Amino acid sequence: MARLFPGRMGAAAKFARTAMRNGSALAELEPLGEVAKAARVLRMCKPPVNSLTLEMLEQLSDLITAADSDPDCRAVILASGCPGIFTAGLDIEEMHHPDPDRLWEFWTAVQEVWIRLSSSRVATVAAIEGHSPAGGCLLSISCDWRVMSTGQPGSRKPFLIGLNETKLGIVAPFWFAETFVSLVGLRQADYMLQTGALINAEHAARVGLIDEACAHEEVMDRAVARLTEFLSVSDAARHASKMLTRKPMIDRLLAHREEDSRWFTKFILTAPVQASLTEYLQALKKRKM
């Protein structure tokens, strides 16, 4: 079961039950410990790559709400329990020859996670200890700060991050793009969204996609250090300041949410997109052989 707040009942117990309604816990919200008693770690734990299925998204949304609802929680570190991966992003199987009703529900869940994470009253820090493409990138850029590992110790392959939807024949929606632009600027976002660029942590730090690139073993310590800085100021003032830039983006999605869902489901169900997803899944299967 998702570990929320040991010894506490009420809202925490309610959200723990909600997170389990679709089976085993795919994410956990746990105390950070003595280092920062007012903080929690929201850890994604859906091996092998934390793919964002409908059920995973629903649990993430519930746990973000649980943190927001707990008066003792002031900050959350978003992290992964799967080595070498933050999250591989949206589960392609959810979009490949989908049931239209489930596809609509799936996209609504993606919207909901972004809204709740972007507007959360608690400070949020993404501890990115692995690759973070597409939906993984979206989760991280929805947080208030991002710390990313440059790669696994002893490996020459760097971890990568970016919105690479075009590589799959998909188009990122306007609210993905607006969040991206707010960090890297219009020109970088234009180029990276068109090309589906995935970049390493050091490059991402230079363009503003993440805030800190560091050695793998330093990620959590740096995330805690930044979180401690957030905890040093008034929660109300910090959140109000956060919403100065976040609220206009969130309001635009809320105003056009149904239209966005219609556009997405119609687009995904087109023959060219389905052909592209089929090709991607076939290539993925060959790599696993």
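The model is predicted, so local features are given only where pLDDT is at least 70 and side-chain atom pairs only at pLDDT 80 or more, while totals for chains, interfaces and linings use all residues. Residues are numbered from 1 along each chain as its sequence is written, and side-chain values use heavy atoms, with hydrogens and water left out.

**Stop 1: the largest pocket**

Begin by selecting Val49, Ala88, Ile92, Tyr280 and Leu284, which lie nearest the centre of the largest pocket among the 36 residues that line it. A pocket here is an open set of points on a 1 Å grid over the protein atoms alone, with protein on both sides within 12 Å along at least five of seven lines, and lining residues have an atom within 4 Å of a point. About 890 Å³ of space lies in this pocket, where a volume is the space filled by probe spheres set on the points, which are joined across faces, edges and corners. Next select α11 (271-288), which gives the most to the lining, with 6 residues; helices (H or I, at least four residues) and strands (E, at least two) are DSSP runs, numbered from the N terminus. By class, the lining has 23 nonpolar, 6 polar and 7 charged residues, with Ala, Val, Leu, Ile, Met, Phe, Trp, Tyr, Cys and Pro counted as nonpolar, Asp, Glu, Lys and Arg as charged, and the others, Gly among them, as polar.

**Stop 2**

Select β4 together with β6 (residues 130-133) to see a parallel pairing over 2 bridges, in which Gly84 stands opposite Gly130.

**Stop 2: strands β1 and β2**

Now select β1 (residues 27-31), of which 4 of the 5 residues are buried, so this strand is largely enclosed by the rest of the structure; buried means under 20% relative accessible area, computed with a 1.4 Å probe on protein chains only. β1 pairs with β2 (residues 39-44) in the antiparallel sense over 5 bridges, and the bridge partner of Glu30 in β2 is Val41.

**Stop 3: the enclosed spaces**

The structure holds 3 cavities of 30 Å³ or more, a cavity being a set of grid points where a 1.4 Å probe fits but cannot get out. For the largest, with about 60 Å³ of space, select Leu42, Ile64, Ala67, Val76, Leu78, Leu117, Ser120, Val122 and Thr124.

**Stop 4: helix α9**

Finish with α9 (residues 235-255), where a kink of about 50° lies at Arg246, shortly before the proline Pro248; the bend at a residue is the angle between axes fitted to the seven residues ending there and the seven starting there. Arg238, Lys242, Met243, Arg246, Met249, Ile250 and Leu253 are buried in this helix, and what covers them includes α3, β5 (123-128), α5 (174-184), α8 (219-231) and α10 (257-268).

Terms used. Buried < 20%, exposed > 50% of the residue type's maximum accessible area, 1.4 Å probe, protein only. Pairing = 2+ DSSP bridges. Contact = heavy atoms within 4.5 Å.
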